[in-house]
Amino acid sequence: MITHSEQLFQQARRLMPGGVNSPVRAWRAMGMSPRFIARAQGPHIIDVDGNVYLDFVGSWGPMIVGHAHPKVLEAVQKAAAAGTSYGAPTPAEVELADLLIDAVSGLEMVRLVNSGTEATMSALRLARAATGRKKIIKFDGGYHGHADTLLVQAGSGVLTQGIPGSPGVPEEIASLTISVAYNDLNAVVQAMEHHAGDIAALIVEPVAGNMGVVLPQPDFLPGLRRLCDQRSIVLIFDEVITGFRVAWGGAQKKFGVTPDLTCLGKVIGGGLPVGAYGGRRDLMEQMAPVGPVYQAGTLSGNPLAMAAGLATLKILAEPGTYEDLEEKGCYFTEQISALAHLMKLPLRINREGSMFTIFFTDCPVNNLVEAQTSDTGRFQQFFQAMLAQGVYLPPSQFEAWFVSLAHSPEDLQKALSAGEKALLDCK
Ligand code: PMP
């Protein structure tokens, strides 16, 4: 019998490309049709057929305090009752900007936007305007949203679907983007020397999340800072995933490296559409209306999004939250690792705090090429076996899993029992 999800998917595919509004949601790489979601609560996500799953996707990162947290709901409801958009400044924007600048060392000024894509796109425009240069450096497997300049050797859905960049991005634009291997400072030096005087910015996920999780090697981020300083290149940290995920204040706090510009999103919107970019005051003051660089947004700083973001960050600011997230991430991955070891299954786990990826490979994963040594067929089997046991994972080998404050020790235990069986299934 056809499920309600399958029925909806058939209808959706007639109405929307692939039946979805963002490609990875179609679960193509998993060889099955997606679940349509009716609601979510705490660590659980519930589909239209009433199946309850333990959720490790967390809306791809934002739901760090769990779904439908009462404090977040209350804040959003209160904001909604006062009107949903004014297109005018509000106190909540000032409060969120103040909080972000206080927490994130690289932020002296900030501009709020509606998505991570908008944040990175605007940060690059600013870097180009400020330097008078055109080219940018990014890393293979780094995903920074779908702006033309950034869809070159990109990760996330682009990687999962095997789309090389994207048609529709003019060659002239793509040729301004140089992509090199993550964690390879020599490659960065070479690119900088080859395009000497032309590089406006270098954009990096300080912990990569879009080729699966890949950690920066100890000298990588300080090295990037040094190389950018030597050539007056604007260093941009894309902390859309890592911001307030790996630490209060983001990866720049954790690794002690301060970029010139920072992009944020996901967690700072508490599940509503938000992005932000900011950084050095002298750079940010080049943005309109103070300076000549244009960027705007009808719904930017939207009152509901501000309310959800502030409520989420206030929960995260409570003592012990990041220790809790670290402990859960650590416990879960260590246990899975031990199980795989007993079964002699090749498995590599990369983790930073509550974000991690389990790679089905025996090769250490420090860049995209190494991530691609993973057995994606085995991941697919694992994914399906987990889903059948009520555990909802990212539908691709090349994505990050997220644990939230709402995942209890019992939840993790349940996922581990499911994991043990799933690993046996795909041996
Ligand atoms: N940067 C990074 C590091 C991301 O992971 C993403 C989205 N996954 C983006 C930018 C784009 O954000 P959005 O999907 O909100 O446009």
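**View 1. Strands β2 and β3 pair in the antiparallel sense.** Strand β2 covers residues 44-47 and strand β3 residues 52-55, with three bridges between them. Strands here are DSSP E runs of at least two residues, helices are H or I runs of at least four, and both are numbered from the N terminus. Two strands count as paired if DSSP finds at least two bridges between them. H44 stands opposite L54 in β3. The model is predicted: local features need pLDDT of at least 70, side-chain atom pairs count only at pLDDT 80 or more, and totals for chains, interfaces and linings use all residues. Residue numbers start from 1 along each chain as its sequence is written.

**View 2. An open sheet of four strands has mixed pairing.** The order is β1-β2-β3-β13. β1 (37-41) and β13 (391-392) are the edge strands, and each pairs on one side only.

**View 3. An open sheet of three strands is antiparallel.** Its order is β11-β12-β14. β11 (348-352) and β14 (401-402) each have a single partner strand, so one side of each is left without a neighbour in the sheet. Five bridges join β11 to strand β12 (residues 355-359). I349 has I358 in β12 as its bridge partner.

**View 4. The largest nonpolar core has 118 residues.** Such a core is a set of buried Ala, Val, Leu, Ile, Met, Phe, Trp, Tyr and Cys residues joined through C-beta atoms within 7 Å. Buried means 20 or more other C-beta atoms within 10 Å of the residue's own, with C-beta atoms placed from the backbone. A127, A201, L202, I236, A276 and A307 have the most contacts inside this core. Helix α11 (residues 303-316) gives the most to the core, nine residues. Domain 1 (4-68 + 319-425) and domain 2 (70-316) both contribute, so the core lies between them. The domain bounds come from an automatic or database assignment.

**View 5. I236 and its contacts.** Residues up to four places away in sequence are left out; I236 then touches A123, A127, A201, L202, I203, P259, D260, L261 and C263. Contact means C-beta atoms, placed from the backbone, within 7 Å. Another core, of six residues, lies apart from the 118-residue one. Among its members are Y143, L150, V152 and V158.

Methods. A residue is buried if 20 or more other C-beta atoms lie within 10 Å of its own, exposed if 12 or fewer, and partly exposed in between; C-beta atoms are placed from the backbone. Two residues are in contact if their C-beta atoms, placed from the backbone, lie within 7 Å.
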